Amino acid sequence: MATFSTDSNASFGADDVREGFPVALLDETAELYGLTPNALGRSLGIAERTLKRRRDSRKARLSSPESDRLLHAREIYDLTVTAFDGNADAASEWLTSPKLAFHGETPADQLATRATTRIVEQMVISMTYLMPV
């Protein structure tokens, strides 16, 4: 089984993503970002009503695609903390502040698709190595 590790105290297997992460993991990730769970859910392309339904169900789990996007969000967070030399507050501030490159939206707003998440990832990597973005 493939295992994915993030620096934010978590290690996830491919089966975990397929089965769907617990909604509580979205709550934890939202706290890392400094966002409300509903705001992070919107950033991940999860409607507020859908998130409420997930919370109200017995399983309280995200779907596989939602879990995959959440995993990428955690990876982006960890990469950003590294770019800011371990300063989690600075990383959260950067992720939740509007950027000209995103036409006034935040990097966190870009997490709904793999393509836009990749752009955020490239920006963070550029910052890490002090390359112009």
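## Basis of the values

The model is predicted, so local features need pLDDT of at least 70 and side-chain atom pairs count only at pLDDT 80 or more, while totals for chains, interfaces and linings use all residues. Residues are numbered from 1 along each chain as its sequence is written, and side-chain values use heavy atoms, with hydrogens and water left out.

Helices are DSSP runs (H or I, at least four residues), numbered from the N terminus.

## Packing of α5 and α7

Two packed helices are described by the angle between their axes and the distance between the axes. The axes of α5 and α7 come within 9 Å and cross at roughly 15°; axes here are lines fitted to C-alpha atoms over the stretch in contact, with angles running from 0 to 180 degrees between N-to-C directions. The two helices α5 and α7 are therefore roughly parallel to each other, a term for angles under 35 degrees. The crossing of α5 past α7 is left-handed, meaning that the near helix is turned anticlockwise from the far one by less than a right angle.

On the α5 side the contact (heavy atoms within 4.5 Å) involves H72, I76, L79, T80 and A83. On the α7 side, the residues include R114, T117, V120 and E121.

E121 lies in helix α7, which spans residues 114–128. E121 is buried, with a relative accessible area of 17%; buried means under 20% relative accessible area and exposed over 50%, with a 1.4 Å probe and protein chains only. Leaving aside neighbours within four places in sequence, E121 is in contact with I76, L79 and R114.

## The nonpolar core

A nonpolar core is a set of buried Ala, Val, Leu, Ile, Met, Phe, Trp, Tyr and Cys residues joined through side-chain atoms within 4.5 Å. The largest one has 29 residues, of which F21, L26, Y33, L44, L62 and L70 touch the most other members. Helices α2, α5, α6 (88–95) and α7 each supply at least two residues of this core, and α5 gives the most, with 7 residues.

Beyond its neighbours within four places in sequence, L44 is in contact with L26, R69, L70, A73, L111 and A112.

## The aromatic pair

Rings of Phe, Tyr and Trp (its six-membered ring) pair if their centres lie within 6.5 Å; planes under 30 degrees apart count as stacked, over 60 as edge-to-face and the rest as tilted. The count by this rule is 1 aromatic pair. The ring centres of Y33 and Y77 are 5.8 Å apart and their planes stand at 40°, so the pair is tilted. Because Y33 lies in helix α2 (residues 23–33) and Y77 in helix α5 (residues 64–83), the pair ties together parts that are 44 residues apart in sequence. Both Y33 and Y77 are buried.

## Exposed residues

Most residues other than glycine have a negative phi. D85, which is not a glycine, has a positive phi of about 50°. D85 lies in the loop between α5 and α6 and is exposed, with a relative accessible area of 76%. H103 also has a positive phi, near 55°. The loop between α6 and α7 holds H103, which is exposed at a relative accessible area of 75%.

E19, in helix α1 (residues 14–19), is exposed, with a relative accessible area of 54%. The C-alpha atoms of E19 and S63 are separated by 7.4 Å, although these residues are 44 residues apart along the chain. Leaving aside neighbours within four places in sequence, E19 is in contact with R61 and L62.

Terms used. Parallel < 35°, antiparallel > 145°, perpendicular 65-115°, else oblique.
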